[in-house]
Amino acid sequence: MDSRYGFGAALDGVLCNVLRIRDHFDDGASYYVARNMDFSVSDSIQELIEDYMGRLGVTKDEVTLLGTSKGGAAALYYGLKYDYKNIVSSTPQYFLGSYSKGHGQLGDAVLGEGQSDENVAVMDSVMKNLLDKEVDFNRNIYLISSPNDYQYEQEVKHYLPALRAYENFNFLFLDSPTVQEHYQVTRQALPSVWSIVHALSEGFTPRIGEVRIGAGTQDPEKASAYLAELRRRDTVVATLTGAVRIDGKLHLKGHAFLPGVSPEGPTTETKRLVLEEKGTTFVYPLDTRPGKKLYREYFDEYFCEYAEGEFATENGLDFTSLPRGTFDVSVSVASEAEGIERRTRLTSDKVIDRRLPFGDSEVIFRGGKAGLKVIKRNIIGVDSESAAFSLVKSEQQDRKIHTEGVFFLPGRNAEREMHAAYYLVLQGKSETYSYLLAAKKNATRVRPLVPQGDFGNYDAGYFTTEAGGIDVSDLPAGRYNLFVSLSAGGALLTKKAGKVTLKKTR
């Protein structure tokens, strides 16, 4: 019954009408039961459901109430209180008051200011009272939980004695080592939930009973032996999951770890990014980060959490001191306690192309499944006559420079703002400085420069420093030549954009 944390697009394939109800009333939550201990909210929700039923011409026996966690409790609450026949509830809470108390904004919203123990006791008795008053046990109830969810012991198991009295009560107990947290239960049980809802929507009532689903508990001795053997193999994982430009530096994140587990237990792993060209290497430290659900992506016969299996570059990568060249990118992972250090090529499931200016050079970080490369080259490229270029504005105010204009290469589409990287380059007598420019769509300025008969789209072939201009306060005083460079694919084109004089700052 929750649209944000519920089943999302998983219900799109079910041939039925779906009414999603978000738990947000008077700017707060209610557990779908009470807002500030005012229980009239549930009657209002019931009226909404009845109105929707009336428009569809369906009865309560044809309706399925479905929810997970808070929504799972709501599915049971409405099914029992308002007499619906089909209820599918995953990981529901039982003690609504105790769970609400101190649980973020949920406590005050449901229990009222102060979250009194008296109100907690009233809310805790809601589900018990409904079950105690039950007279119609001809319902189809499907309950989903897991022994690995702490809420099974805390909440769900308290439902079982009463729910077992129903004629068609079904309990799916998800026993899998890949379920470690509350929110993971519904996600992993989704195929079962989906099939139940699909069957009910077709008028078929599954009778499953109480069953265990999932991979089951693994044998500790076999798991330990297998994971130790996996550790001894000459393997290492290195996968990029993100690469962004922030404050002039390249920030990476991904997965990097030694598969398996040492026989002595988990050990600390050190990770490094390695750039290599013709046998010469340049090394950058990587920060270890907690692994999130890596056991699902890298499951190999037995569960292994890889709790520290992610990496990031917290302070970003600065390639100013890196010489120009083309470098293969790899990751080294070492476990000092085991005397292991292994290196492998860094890959990415998605195509990556990030370009940054570093002084007199451009750095390109690109690649994909076959591997990644870092290319560093001169940021001033070829002045091609075939490129369309028009400097619309170039201004200097104190120590800020603003420039904008048209720059594109006919034959290479520029319909999106990510089609290329633009740089403003200041070339002095002894030093060169460069800054990233923004690409913007400006069809009014661009289209007059498109060659006659060219049907390409170049609307985003417009560069700008945007509002405020580029701050060059840290540059030495002197006279500089201005250039604008366009980097796309393997091409690097450069056009002159005037000159500026930077005076000494006081």
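Modeller: Let's start with helices α1 and α2, which are roughly perpendicular to each other (that label covers angles of 65 to 115 degrees; under 35 is roughly parallel, over 145 roughly antiparallel, and the rest oblique). Helices here are DSSP runs of H or I with at least four residues, strands are runs of E with at least two, and both are numbered from the N terminus. A word on the model: it is predicted, with local features needing pLDDT of at least 70 and side-chain atom pairs counting only at pLDDT 80 or more, while totals for chains, interfaces and linings use all residues. Residues are numbered from 1 along each chain as its sequence is written, and side-chain values use heavy atoms, leaving out hydrogens and water.

Back to the pair: α1 spans residues 40–56 and α2 residues 70–81, and they pack at about 80° with their axes 12 Å apart. Those axes are lines fitted to C-alpha atoms over the stretch in contact, and the angle, from 0 to 180 degrees, is taken between N-to-C directions. From α1, the residues V41, S42, D43, I45, Q46 and I49 meet Y77, Y78 and K81 of α2, where contact means heavy atoms within 4.5 Å.

Next, have a look at strand β4, residues 168–174. It is largely enclosed by the rest of the structure, because 7 of its 7 residues are buried (under 20% relative accessible area; exposed is over 50%, partly exposed lies in between, with a 1.4 Å probe and protein chains only). Both faces are covered: N168, N170, L172 and L174 lie on one side, with F169, F171 and F173 on the other.

What does β4 pair with? Strand β3 (residues 140–145) pairs with it in the parallel sense over 6 bridges, and pairing takes at least two DSSP bridges. Y142 has N170 of β4 as its bridge partner. Strand β5 (residues 210–213) is also parallel to β4, over 4 bridges, and F171 stands opposite E210 there. Between β4 and β5 the chain crosses through helix α9 (residues 182–201), and this β-α-β crossover is left-handed. Right-handed would mean that, with the strands pointing away from you, the path from the first strand over the helix to the second runs clockwise.

One last stop is T403, in strand β18 (residues 400–408). T403 is buried, with a relative accessible area of 0%. F463 is 60 residues away from T403 in sequence, yet their C-alpha atoms are 8.0 Å apart. Leaving aside neighbours within four places in sequence, T403 contacts residues including L391, L424, L437 and F463.
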